[in-house]
Amino acid sequence: MPVIRSWARTDVGKKRKHNEDAFLADDALGLYVVADGMGGHAAGEVASAQAVQSIRAALAPSRSILERFAASPSVEARESMTSLMETAIQKACADVFDLSQADADRGGMGTTVVAMLLVGKNAVIGHVGDSRVYLYRKGHAHQLTEDHTIVQEQLKRGLITRAELATAENRNVITRAVGIQSSVPVDTLITELLPGDLYLLCSDGLHGYLQDDELPALFGQERDKLVDLLVDLALQRGGRDNITAVALAVEDAEDAAAAEVEGKTEVLRRIPLFQHMTYKELLAILGIARGRQFSKGQTIIKEGDPGDELFILFRGTVEVSKSGMTIAQLHAGGHFGEMGLVDQAPRSATVVSVEETSAISLDRESLLRLMRKDPLIAVKLLWSFVQVLSERLRNANDALADLKQELDQTRHEPGGGSEPVAGSGPR
């Protein structure tokens, strides 16, 4: 099991009279939460505190589900974990909403939430609003949550540029919050914990003062002092809002399995189908993938059989054959079966493992669920499919043109042509 260390700090900042942020750093439960409340008459403090309390109360009794996931982190177990996180945040939403309805002074109160629950060598993240989770891994900083704000929606639609985000008038207006209504859409993400990982959960009072290009240098500082360094930096740069940071570090020794996990994202990134994905989106893809192991000589797919899975190789070699003739060998980084994600046509070739082979597979139904949940992933995947199919169509056209040219040359060579048989049509 990974060894986890955590640090946390909150500060009222230089401009606010009350601290409406709340946090939880429970190493025993493996639960970490940051909530940034909003509302008059100190209602924001009530909303954020209630949200943290409700999430912990909802997740703490679920040890049996957590243990099953840790023992066998299958796709089904991952779905159970994300459902558990969604349910916990929905419970917080209902609880905060009920409090606001019971007291006129608290009407309209709400809170952002980011929550991270560690289970074995994995973690599930739940997110509503504009508080964030960052991952610092192998010298690179990745934002694992997407702000639910008006400006983020405008950025996605191309209405503003990234350079305009910092000065946009409505940059702090959020489009989702816990407790404004009785329920709220919750974003979730499963990530594997690797030795050396650093995760940071924070409110916008901190990340609003951080620039993307400085994150790797900041997160690479001494971990025992990182939370204080970041909060003090936000205070030095203005401290206009409450500031909260929770950091946790994975401190196990390096192992081969961890290196393989990181390698999977790099392999995915090299595949044309996933070339436009962010790191967060690649983690989402891996979250629905099934680990597959094939022994030497094992048939993975058979020509003519139905199939709905894409296979991606991470170790080993497979042989691809059609009508009994070998047409290719694929190695680590190779992939096959992607058309099964599009339609239910029979497999066009047979694939057999040449040696012990490790792979992952993505099935159509799981991918469709992810695409429905995240429209941006859907757009990127569909665009990549169009590009892949367009390239194949161009290659096919080029091959046909070359074949036609060869046939034309053959017909015009002396003795190369033949007279048509009287009465015969095209064959």
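Which residues of helix α7 (residues 226-236) are buried? The legends below answer this and describe further close-up views.

The model is predicted; local features need pLDDT of at least 70 and side-chain atom pairs count only at pLDDT 80 or more, whereas totals for chains, interfaces and linings use all residues. Residues are numbered from 1 along each chain as its sequence is written, and side-chain values use heavy atoms, with hydrogens and water left out.

**Figure 1. Overview of the chain.**
The secondary structure of the chain comprises 11 helices and 18 strands. Helices (H or I, at least four residues) and strands (E, at least two) are DSSP runs, numbered from the N terminus. The C-alpha trace spans about 95 × 45 × 40 Å along its principal axes. Of the 427 residues, 47% count as buried; buried means under 20% relative accessible area, exposed means over 50%, and partly exposed lies in between (1.4 Å probe, protein chains only). Among contacts between residues at least 6 apart in sequence, 73% join residues at least 24 apart, a contact being heavy atoms within 4.5 Å.

**Figure 2. Helix α7 and its cover.**
The buried residues of α7 are L226, V227, L230, V231, L233, A234 and L235. The elements that cover these residues include the strands β1 (4-11), β9 (198-202) and β10 (243-250), together with the helices α5 (204-207) and α6 (215-219). After α7 comes G238, which has a positive phi near 140 degrees.

An open sheet is formed by 5 strands in the order β2-β3-β4-β5-β8, with antiparallel pairing. Two strands pair if DSSP finds at least two bridges between them. Strands of a sheet pair through backbone hydrogen bonds, either parallel or antiparallel. At the edges stand β2 (21-26) and β8 (187-192); each has a single partner strand, so one side of each is left without a neighbour in the sheet. Neighbouring strands of this sheet are turned by 10 degrees against each other on average, direction ignored. Helix α1 (residues 43-59) packs on the sheet and touches β2, β3 and β4, and its direction makes about 155 degrees with that of β3. For such angles, axes are lines fitted to C-alpha atoms, for helices over the stretch in contact, and the angles run from 0 to 180 degrees between N-to-C directions. Within the sheet, 8 bridges join β3 (residues 31-38) to β4 (residues 110-119) in the antiparallel sense. V33 stands opposite A115 in β4.

**Figure 3. The crossing of helices α2 and α3.**
The axes of α2 (residues 63-71) and α3 (residues 75-102) come within 9 Å and cross at roughly 145 degrees. This crossing of α2 and α3 is left-handed, a term used if the near helix is turned anticlockwise from the far one by less than a right angle. On α2 the contact is made by I65, L66 and F69, and on α3 by A77, R78, S80, M81 and L84. By class, the contact of α2 with α3 has 6 nonpolar, 1 polar and 1 charged residues. Here Ala, Val, Leu, Ile, Met, Phe, Trp, Tyr, Cys and Pro count as nonpolar, Asp, Glu, Lys and Arg as charged, and the others, Gly among them, as polar.

**Figure 5**
In β6, 6 of its 6 residues are buried. Both faces are covered, with R132, Y134 and Y136 on one side and V133, L135 and R137 on the other. Strand β6 runs antiparallel to β9 and is joined to β9 by 5 bridges; the bridge partner of R132 in β9 is C202. Another 4 bridges join β6 to β7, again in the antiparallel sense, and in β7 the bridge partner of R137 is H140.

K138 lies in the loop between β6 (132-137) and β7 (140-143). The hairpin of β6 and β7 has 2 residues between the strands. K138 is not a glycine, yet its phi is positive, about 55 degrees. At 48% relative accessibility, K138 is partly exposed. S323 lies in the loop between β14 (318-322) and β15 (325-330). The phi of S323 is also positive, near 55 degrees, in a residue other than glycine. With a relative accessible area of 65%, S323 is exposed.

C93 is buried, with a relative accessible area of 0%. C202 is likewise buried, with a relative accessible area of 0%. A search of the whole structure finds 0 disulfides, a disulfide being a pair of cysteine sulfur atoms within 2.5 Å.
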